[in-house]
Amino acid sequence: MAATEVYDIVCVGFGSAALSLAIGLYEQQPKLKVLFLEKEKRFSWQGSRLPFERSKMQSNFMQDLVTPRNPLSKFTLVNYLWSTDMLVMYTNLSAINPPRQLFSNYLNWCAEKMETTGWVKYDQDVQSIAQLSGHASARRQFQVTSRKCDGQETKIRAKTIILSQTSSPDMPKWVPYHNVGQRIFHTSEFTQHTSDLNQWNGSSLNIAVVGGNDEALDIFQYCQRLDGAKITLLHEGPFLRLHDSNPFLTSLAAHEFSESTTQASIHPSVQHEQLHSLYEKRYTELVRKHKQKPGNSEIFPCTSVIGTSKLFDQIVLKCWNTGTDSGFCSDAFDYIFVSSRYADVKQSHLMAQLKNIIGRSEKVVNSAEDEPLAPRIEGANGAWILRDEYATGNSFENLALRTEQLLRTLTQYSSSESPEGYTGRRVIPETARL
Ligand SMILES: Cc1cc2nc3c(=O)[nH]c(=O)nc-3n(C[C@H](O)[C@H](O)[C@H](O)COP(=O)(O)OP(=O)(O)OC[C@H]3O[C@@H](n4cnc5c(N)ncnc54)[C@H](O)[C@@H]3O)c2cc1C
């Protein structure tokens with residue numbers, strides 16, 4: 001890459017939000033000079049870092065990278081299924097939500113297609129973004145410095161910069177800093193430990209999972225099958241709550257009903273199939289217990305973890321039972337997986353650098369109709385930050401529409417900023433909407 005090469009758009013990060021944006025930019029005319037810089041060596045969706053087991057997506061098959069924005073796109077999940085000869089088989093599935101493994105394969109398929117455009121560079125950890133000072137009438141430019149893992153540094157220039165680092169696991173306060181990565185891990189790190197768990201050669205393997213959502217239950221069910229392991233699930237609710245936040249049903253339902261479902265949806269919840277298989281397993285265990293074969297799992301509802309203590313090289317959890325209003329100490333665990341939330345990359349120095357650039361502006365380009373973007377995207381002066389709200393939670397429910405808004409905002413910015421800038425993009429012709 002030459003030092004003077006100038007891109008229309010450089011995006012930091014190539015996760016699923018950036019992938020949806022890449023497809024949007026690829027499908028619009030005229031083609032821009034675009035680059036996505038990703039620090040990892042390949043595309044990897046967050047949701048593929050858990051055991052797939054029986055689990056399905058929380059979002060449905062139309063909530064993919066593109067369909068709500070452009071159902072005629074080549075990058076729909078349906079077209080992926082058709083192109084890989086799986087569409088007919090898929091139509092025989094009774095569920096509307098695709099299996100997570102399948103969705104992960106679909107995302108990889110889209111990422112591979114985007115890689116062929118030459119727009120994606122992996123092993124590029126962006127170190128800094130600086131605004132270049134120039135002549136007042138000159139188009140504003142940024143210098144982006146990235147580093148490969150062998151230390152080699154690259155500098156490129158961009159007219160528009162997008163930060164799509166979004167979220168990272170946020171450990172709760174009760175986890176002592178020095179224990180993170182020792183005995184206590186976030187659920188997103190689970191697959192890094194499966195071979196250690198399977199080859200455990202200590203006397204007995206005692207595992208805790210903290211949380212009452214899909215991620216926690218996936219891991220709980222995976223660990224139940226480990227030979228000689230004892231597994232404990234601790235969660236705050238009185239019971240494992242089923243997903244009940246389908247926005248389509250909510251919008252059809254009466255106001256009172258939608259209020260109550262919105263309330264419910266802020267609590268961690270699990271899918272029907274997961275709960276069904278959990279109860280099936282518990283039932284089998286109860287029958288076995290009756291025949292003197294004890295089960296290997298326990299569930300503690302109404303349990304808030306409030307601290308930890310060390311017992312030799314194991315960790316004991318200090319807990320509070322919200323049902324009986326009393327404290328207790330758990331068993332000593334070899335591994336603890338915590339299913340806490342994902343939050344903004346708060347410590348990101350890149351975000352601080354961009355906020356500085358954005359902050360100097362008196363003009364924010366978002367128009368009134370783009371209001372729903374706030375606070376998910378923040379930007380001005382050619383610098384845009386996709387906030388954690390942009391893609392966390394059930395992100396695929398809204399991702400394609402947010403991409404639509406982002407594309408519109410970028411176009412609006414470029415045409416307002418530069419008379420010689422790109423002339424706008426082509427949208428789906430009305431005739432295509434039958
Ligand atoms: C286990 C799990 C299951 C999920 N299931 C569902 C579901 O069923 N339905 C649903 O709708 N949503 C689901 N989600 C939510 C959704 O998939 C994710 O939140 C979403 O994929 C996040 O995408 P992103 O692109 O914003 O972030 P990321 O995927 O984190 O992408 C950010 C990228 O930026 C890169 N990066 C960071 N810093 C730098 C830097 N300095 N230089 C270069 N690159 C950098 C990172 O390596 C990363 O690849 C799930 C999430 C998880 C974790």
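I began with the residues of the shell around the ligand, which divide into twelve nonpolar, 15 polar and five charged; here Ala, Val, Leu, Ile, Met, Phe, Trp, Tyr, Cys and Pro count as nonpolar, Asp, Glu, Lys and Arg as charged, and the others, Gly among them, as polar. I note that this is a predicted model, in which local features need pLDDT of at least 70 and side-chain atom pairs count only at pLDDT 80 or more, while totals for chains, interfaces and linings use all residues. Residues are numbered from 1 along each chain as its sequence is written, and side-chain values use heavy atoms, with hydrogens and water left out.

**Ligand.** I looked up which residues surround the ligand and found 32, the closest being Ser16, Glu38, Trp45, Gln58 and Thr166; a residue is near a molecule if one of its heavy atoms lies within 4 Å of it. I then checked the polar contacts (pairs of N or O atoms within 3.5 Å). A polar side-chain atom of serine 16 lies 2.5 Å from a ligand oxygen, a backbone N or O atom of glutamine 58 lies 2.7 Å from a ligand oxygen, and a polar backbone atom of phenylalanine 396 is 2.7 Å from an oxygen atom of the ligand. Of the 1,000 Å² of accessible area that the ligand has on its own, the protein covers 93% (Shrake-Rupley method, 1.4 Å probe).

**Strand β4.** I noted that α1 and β4 (125-132) each supply at least two residues of the ligand shell; helices (H or I, at least four residues) and strands (E, at least two) are DSSP runs, numbered from the N terminus. Serine 128 is found in β4 and counts as partly exposed because its relative accessibility is 23%, where buried means under 20%, exposed over 50% and partly exposed in between (1.4 Å probe, protein chains only). Beyond residues up to four places away in sequence, serine 128 touches Gln143, Val144, Thr145, Leu350 and Gln353, contact meaning heavy atoms within 4.5 Å.

**Cores.** I found that the largest nonpolar core has 43 residues, and that Phe14, Leu19 and Leu65 are among those with the most contacts inside it; such a core is a set of buried Ala, Val, Leu, Ile, Met, Phe, Trp, Tyr and Cys residues joined through side-chain atoms within 4.5 Å. Helix α4 gives the most to this core, with eight residues. A second, separate core of 23 residues includes Val209, Leu217, Tyr222 and Leu278.

Note on methods:
Polar contact = N/O pair within 3.5 Å; in protein donor to acceptor, adjacent residues only side chain to side chain.
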